[in-house]
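Here is a friendly walk through one protein chain, written to be read with the model open beside you.

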Amino acid sequence: MPAQCANCGFIFESTDEVGQPCPRCGSLDRRIHSHQDAKAHGFLKLKKKGASSKHKKARADYELQQGERIGKDGKLVSIERVIDRDSEHYTEVVKDKDGNVIANKDERLSEHK
Ligand SMILES: [Zn+2]
């Protein structure tokens with residue numbers, strides 16, 4: 001079951017970790033949360049394919065990915081990613097939980113690795 005550290009808010013990804021002291025603050029207090037967590041780990045993906053698509057079947061012309069992830073530092077961040085193959089554009093906006101923009105990428109799809 002997904003759980004969060006009651007002390008610092010660290011979110012445990014696996015049930016194995018829940019029984020361990022918090023990797024960030026060492027606390028053993030847990031806060032189990034239900035529907036909020038399902039949202040936090042859900043990743044919305046939207047794909048659009050135009051009728052006049054010149055691309056191969058498997059690839060969408062336009063892709064929107066939106067959701068929340070645990071970043072490298074253990075903090076929850078929200079990501080909005082747009083892959084637009086028609087205009088060869090890739091944008092990615094990463095925000096922390098307070099809505100501050102951490103990363104804002106806007107690059108040519110061909111340059112995106
Ligand atoms: Zn903690």
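**The chain as a whole**

Please keep in mind that this is a predicted model. The chain contains two helices and eight strands, and along the sequence these elements come in the order β-β-α-β-α-β-β-β-β-β. Of its 113 residues, 4% count as buried. If you look at contacts between residues at least 6 apart in sequence, 24% of them join residues at least 24 apart.

How confident is the predictor, on average, across the chain? The average pLDDT is 79, and 74% of the residues score at least 70. Over residues 35-40, however, the pLDDT is below 50, and this stretch has three contacts in the model beyond near neighbours in sequence.

Now let us move to the strands around E6. Strand E5 covers residues 62-70 and strand E6 covers residues 76-84; the two pair in the antiparallel sense over nine bridges.

On to the next strand: E7 spans residues 89-96, runs antiparallel to E6, and is joined to E6 by eight bridges. Here too there is a hairpin, with four residues between E6 and E7.

**Glutamate 80, in E6**

Glutamate 80 sits in strand E6, and its bridge partner in E7 is valine 93. Leaving aside neighbours within four places in sequence, glutamate 80 is in contact with Gln66 and Val93. Glutamate 92 is twelve residues away in sequence, yet its C-alpha lies 5.7 Å from that of glutamate 80.

Is glutamate 80 exposed or buried, or does it count as something in between? Glutamate 80 counts as partly exposed because it has 14 C-beta neighbours inside 10 Å.

Glutamate 88 belongs to the loop between E6 and E7. Its phi is positive, about 55 degrees, although glutamate 88 is not a glycine. With 13 C-beta neighbours inside 10 Å, glutamate 88 is classed as partly exposed.

Which residues are in contact with arginine 108, leaving aside its neighbours within four places in sequence? They are Glu88 and His89. Arginine 108 itself lies in strand E8, residues 101-108. The C-alpha atoms of arginine 108 and glutamate 88 are separated by 5.7 Å, although the two residues are 20 apart along the chain. Arginine 108 has 10 C-beta neighbours inside 10 Å, and therefore counts as exposed.

The table puts the exposure of these residues side by side.

| Residue | C-beta neighbours inside 10 Å | Class |
|---|---|---|
| Glutamate 80 | 14 neighbours | partly exposed |
| Glutamate 88 | 13 neighbours | partly exposed |
| Arginine 108 | 10 neighbours | exposed |

Technical notes. Residues numbered from 1 in each chain as written. Predicted model: local features only at pLDDT ≥ 70, side-chain atom pairs only at ≥ 80, totals over all residues. Pairing = 2+ DSSP bridges. Buried ≥ 20, exposed ≤ 12 C-beta atoms within 10 Å, placed from the backbone. Contact = placed C-beta atoms within 7 Å. pLDDT = per-residue confidence, 0-100.
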